[in-house]
Amino acid sequence: MATVAPSAASRIAVVTGASSGIGAATARQLAEAGYRVVLTARRKDRIEALAEELTRAGHSAVAYQLDVTDRAAVDEFAGAFRTIGVLVNNAGGALGADPVATSDPADWRTMYETNVLGTLNLTQALLPKLDASGDGVVVVVSSTAGHGTYEGGGGYVAAKHGAHVLAETLRLEIVGRPVRVVEIAPGMVRTDEFALTRFGGDEERAAKVYEGVAAPLTADDVAETITWAVTRPSHVNVDLLVLRPRAQASNTKVHRER
C-alpha cells in the first residue's frame, strides 16, 4: 500500500479508544506509516502496554488515559499540543439490542455521549491544533449503522447517525481550511470486545453475531483503510468510505454458511 509520508508539522496522530480492536490496530498502522501516535483510552494499562510495544519496535508512541466524555479532561489533554496532524475519533461502541419500545434509555445516553459527544469534544478541542499543522485530518469512525437502520439497533443507529452527521456538517463548515474530514463506516467487524460488550459479556450471544460468516472484517482491515485514507495526498479527501465483508450485503442481509 503506497502512502504519503507525513510532514514534520503533521506527524502527531491522536487515536481515541486505542486500548483494543480498531483503535489499537489503527495506532499500530499509523506508527508504521511514520506518525508519532498518541494513544488515548480509559484503560491505562492497555494503552501503556501498546505504547511500550510500539516503542520497542522503533516507533514513537505515548499513552494518555482519557475519557472522551469528560470535556474538562479533554481540554486539558489538548493543551499539551501546539499542532497535531491526525485525529482518529474511534472511541464508541454499542450497548444492547432491545426494541425501541423496551430498550434502556441509560444505554442510549451512554452510546450518544461516547459516540457523538466524545467525538465532538475531541474534535472541538483539537481542531485549532489540526489547523495549525497546515495539513490536518479528522477521521470519524462511524458504522454502516449510521447509514441504515435495523431491528434492535435503534440506540446504536441513532448514535452512529449522529457521528455521520457531525462529520458531514463539519466538512461543510471548514471547507477552505487546511483540514480534511474523513468518515470510515465499517460493517461487520469481528473484534475481541465489540459484540461481547454489546451483550453484557454473554459469550454465546456475542458469538451468534458472526455465526456462519466465513470472513468478517478484522480490526486490521479497518485500520488499513483508515491509514490509507489519512495518507492520501493533502488535496485528496475521502469523504465517506463504507466497507463490509463480502458476505454482508447490508445491515440485515448476511450470507451464513451452514
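1. Val-86 stands opposite Val-137 in strand E5, within a predicted model in which local features need pLDDT of at least 70, side-chain atom pairs count only at pLDDT 80 or more, and totals for chains, interfaces and linings use all residues. Residues are numbered from 1 along each chain as its sequence is written, and side-chain values use heavy atoms, with hydrogens and water left out.

2. The pairing of E4 with E5 (residues 136-141) is parallel and extends over 4 bridges. Strands are taken as paired if DSSP finds at least two bridges between them. E4 also pairs in the parallel sense with strand E1 (residues 12-15), here over 3 bridges. In this second pairing, Val-15 stands opposite Val-88 of E4.

3. Strand E4 itself covers residues 86-89. Val-86 and Val-88 point one way from the strand, Leu-87 and Asn-89 point the other way, and all are buried. Buried denotes under 20% relative accessible area, exposed over 50%, and partly exposed the range in between, with a 1.4 Å probe and protein chains only.

4. For the chain as a whole, the secondary structure comes to 8 helices and 7 strands. These elements are DSSP runs numbered from the N terminus: helices are H or I with at least four residues, and strands are E with at least two. The radius of gyration is 18 Å, close to the 18 Å that the globule rule gives for 258 residues, so the chain is as compact as a globular protein of that length. The radius is taken over C-alpha atoms, and the rule is 2.2 Å times the number of residues to the power 0.38. Along its principal axes the C-alpha trace spans about 50 × 35 × 35 Å.

5. Of the 258 residues, 49% count as buried. Among contacts with a separation of 6 or more, 73% come from residues 24 or more positions apart; a contact means heavy atoms within 4.5 Å. The accessible surface of the chain is about 12200 Å², and 50% of this belongs to carbon and sulfur atoms. Areas come from the Shrake-Rupley method with a 1.4 Å probe.

6. Which residues does Asp-220 contact, leaving aside its neighbours within four places in sequence? They are Ala-25 and Gln-29. Asp-220 lies in helix H8 (residues 219-230) and, at 46% relative accessibility, counts as partly exposed. The C-alpha atoms of Asp-220 and Gly-23 are separated by 9.6 Å, although these residues are 197 apart along the chain.
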